[in-house]
Amino acid sequence: MKLYRLFILFFALSGLAGKILAQGDKKQPSSGSAFASKNDTIQQVKTPASLPKQDSLKKHDPRIATRRSAILPGWGQAYNKEYWKIPIVYGILAIPASLYFYNNSYYKKTKFAYEARYKEVHGDSSDVAAIDPQLVNLSISSLQSYRNSFRRDRDYSILWFLIAWGLQVADATVFAHLKSFDVSNDLSMEINPVFNPITHTPGLSLSLNLKNTSRRQAISR
């Protein structure tokens, strides 16, 4: 009878000890506990999702610079953030534009004077009084020569205006491409003397070191 009571007491104590150990395990922090969530929060603070990814950054498109400068002079330079070039662009374009209006004005004057003198030779002097005072003493052959010269210079000024327009388009395109070109201190070039063992002749070696492309794109944006 006493042995039976000892067995009951042993099983009771064993069950009680098991419950105490189970409660102790629940109080210990696990990998999915509040400590782990706090670490996850710290990790999220270090790498916030609000920062834009490198792939999502807006790229500088040279085609936009080309299109804008072709539509309006200086617009492509403004897209490249080279605002100091805009007055230069309009200054260059103003030269052939002013020459066009100057030559076109004198072309019309000399043309009218030539036609008036031509009519005068054939007996009609009604338009002679309307000739410009600067041209009234010129002969018909001189008026013809001046007329052709001003007409030629007027046409050349149109050509130079179109060339200047094309040059500012090319400038915007080229410098838009160079926006992603590395010009920082990480770009280095070394020239070292070498000796070719095959030909037994001295020479020079050129080494160009570039930084990482991904880092370059991130900085250029």
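The model is a predicted one, in which local features need pLDDT of at least 70 and side-chain atom pairs count only at pLDDT 80 or more, while totals for chains, interfaces and linings use all residues. Residues are numbered from 1 along each chain as its sequence is written, and side-chain values use heavy atoms, with hydrogens and water left out.

The protein chain holds 7 helices and 2 strands, where helices (H or I, at least four residues) and strands (E, at least two) are DSSP runs numbered from the N terminus. Read from the N terminus on, the elements follow the order α-α-α-α-α-α-β-β-α. Of the 221 residues in the protein chain, 18% are buried, a term that stands for under 20% relative accessible area, with exposed meaning over 50% and partly exposed meaning in between (1.4 Å probe, protein chains only). The accessible surface of the protein chain amounts to about 16,900 Å², and 63% of this surface belongs to carbon and sulfur atoms; such areas come from the Shrake-Rupley method with a 1.4 Å probe, and for residues only the protein chains shown count as cover. Among the contacts in the protein chain with a separation of 6 or more, 53% are made by residues 24 or more positions apart, a contact being defined by heavy atoms within 4.5 Å.

In soluble globular proteins, nonpolar side chains tend to be buried together. The largest nonpolar core in this model has 7 residues in all, namely A113, Y114, A116, V128, I131, L135 and L143, and a core of this kind is a set of buried Ala, Val, Leu, Ile, Met, Phe, Trp, Tyr and Cys residues joined through side-chain atoms within 4.5 Å. Helix α5 gives the most to this core, with 3 residues. One member of the core, V128, is found in the loop between α5 and α6 and counts as buried because its relative accessibility is 17%. Leaving aside neighbours within four places in sequence, V128 is in contact with A116, R117 and E120, and the C-alpha atoms of V128 and A116, which lie 12 residues apart along the chain, are separated by 5.5 Å.

S157 is found in helix α6 and counts as buried because its relative accessible area is 4%; apart from residues up to four places away in sequence, S157 touches P96, L99 and Y100. Q144 is also placed in helix α6, but counts as partly exposed because its relative accessibility is 33%, and its C-alpha atom is separated by 9.1 Å from that of E115, 29 residues apart along the chain. K81, in the loop between α4 (75-79) and α5, counts as exposed because its relative accessibility is 60%, and K81 has a positive phi of about 65° although it is not a glycine.

The second largest pocket is lined by Q77, K85, I88, V89, I92, L93, A164, L167, Q168 and D171. The elements giving two or more residues to this lining are α5 (85-121) and α6 (140-177), and the largest share, 5 residues, comes from α5. A pocket is here an open set of points on a 1 Å grid over the protein atoms alone, where a 1.4 Å probe fits and protein lies on both sides within 12 Å along at least five of seven lines, and lining residues have an atom within 4 Å of a point.
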